[in-house]
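Thanks for coming. I will take the strands first, then the aromatic rings, then a few backbone details. Please have the model open.

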Amino acid sequence: MKTGSANNESLLLYNVKLSSVVPATVTSEINNVHELTDMDLAMKLHYIQGVYFFTREAVEGLTIDKLKEPMFKCLDLYTTVSGRIRRSETGRPFIKCNDSGVRIVEAECDTTIEEFLDMKKDQSFLVYNQVLGPDLAFSPLVIMQFTWFKCGGISLGLSWAHVLGDAFSATSFVNMWTKILSGQMRPKCLQPVNLGKSKSPPSVLENLVSTKRVDPLGDHWLIANNSKMETNYFQITAKQLEHLLANVCAVDQAAKISHFEVLSAIIWRCLSEIREDCGPRIIAVCTSSSRNRENEYPTNGMVLRTVEADFSVAKADISAVVELIAEKRVEYGMGMTEEIVEKENGEADYIAYGANLTFVNLEEAEIYGLELKGRKPVFVNYAINGVGDEGVVLVLPGAAKGKAESGGRDGVTVTMVLPENQFQLLRNKLERDWMQ
């Protein structure tokens, strides 16, 4: 599953067009400023990227104009999505809800969806490469790319600035768009929810390990990596998951341990072996809160915790690594970050994903909730751009089981952003040591 050159893959696209969609009605001047939370600003250098694949039957008769039409009403509900970043007199960023809209990209691809998925190509060129700045006032926060394949199918590529909200917020937004397309309409604008601030003991502020401060980037919100990063994925079936669980956990422990925790432990140990036990001894684990899953308005409500091993992960029994992840997560990580961001007025720059090797649990994200003409996508994948050198691992719901419209999922999709060449070494080790 070696990833090819993004430049070569982009040559598969042609007839690229750009346009914009704005809200159907003008946002009131009374409520057109959205203050960014400290958590929002801590995530501002990251970008969420999602790709949805639909068959010809799902989009038959749907033109680009018909796909864009419900977006006007959708943006009435999500006023921040069509806004732009501004800075206050003190320098702190905020969103001006000025109806500037989202960017729409149209493109055509010279392969079929089946051929494309069989090639296991890097899917990032199906998502517009989004970076906020250097002209923040003119940078769209959301870009949607519609790519038509020669089979008549389509992919929807979503690029979502993490400063708006997390992956659950991104999926809620695109799911609402298709609800409006199918005739389901919200009566009024969604309201922001105050998630509150996590408070941390002042005595531990200097021991911040869940994020990493980077050199000041000003108004160009893009990090520079020391390593060339590679994005790729593989799928694990439900049968393979049960096999892994049986090999890792005792019968009385299996009910208490999640698939996510087992996969995180196995991948952590494998990467430690690949890196010749040079680390990482500290990882980050990112999970959702029930409050965040229930909220449709964009928020950064996921919880980032740290796990630290005082033993060699590469040489440890896998059950000890699973137990460490499941029971010994440090709770105060992001609360500390929020306090520091507040103290520095949002002007300092941090990364969360990849500051340490980061595992993100998106198994409960409704990524297959998006429907076109009553049909679900045949495959969905999400990744994160702007990741630090330690890398990130996302665990997502698996591809469709049987017919896509049945709604059944088979296992999970594991998407990784890692230093170049580590992905193939990791996959080989997983297949050799764990998947047989």
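Strand 11 and strand 14 (residues 357-361) run parallel and are joined by four bridges. Strands count as paired here if DSSP finds at least two bridges between them. Strands themselves are DSSP runs of E, at least two residues long, and helices are runs of H or I of at least four residues, all numbered from the N terminus. Within this pairing, Cys286 has Val360 of strand 14 as its bridge partner.

This is a predicted model, in which local features need pLDDT of at least 70 and side-chain atom pairs count only at pLDDT 80 or more, while totals for chains, interfaces and linings use all residues. Residues are numbered from 1 along each chain as its sequence is written, and side-chain values use heavy atoms, with hydrogens and water left out.

Back to strand 11, residues 282-287. Its pairing with strand 12 (residues 303-308) is antiparallel, over six bridges. There, Ala284 sits opposite Thr306. How many of the six residues of strand 11 are buried? Five are, so the strand is mostly covered. Buried means under 20% relative accessible area, exposed means over 50%, and partly exposed is in between, with a 1.4 Å probe and protein chains only.

Now the rings. There are 11 aromatic pairs in the structure. Rings of Phe, Tyr and Trp (its six-membered ring) pair if their centres lie within 6.5 Å; planes under 30 degrees apart are stacked, over 60 edge-to-face, and the rest tilted.

One of the pairs is Tyr78 with Phe173, edge-to-face, at 5.2 Å centre to centre and 90° between the planes. Tyr78 is in the loop between helix 4 (64-77) and strand 4 (84-87), and Phe173 is in helix 6 (residues 167-181), so this pair ties together parts 95 residues apart in sequence. Tyr78 is buried at 0% relative accessible area, and Phe173 is buried at 0% as well.

Phe173 also pairs with Trp160, this time tilted, at 5.6 Å and 45°. Trp160 lies in strand 8 (residues 154-161), so the pair with Phe173 in helix 6 links parts 13 residues apart in sequence. Trp160 is buried too.

Elsewhere, Phe53, Phe116, Phe125, Phe149, Tyr233 and Phe379 make up one aromatic cluster.

Last, the backbone. The Gly133 to Pro134 peptide bond is cis, with omega near 0°. Pro134 belongs to the loop between helix 5 (113-119) and strand 7 (142-149). Asp99 is not a glycine, yet its phi is positive, about 60°. Asp99 is buried, at 16% relative accessible area.
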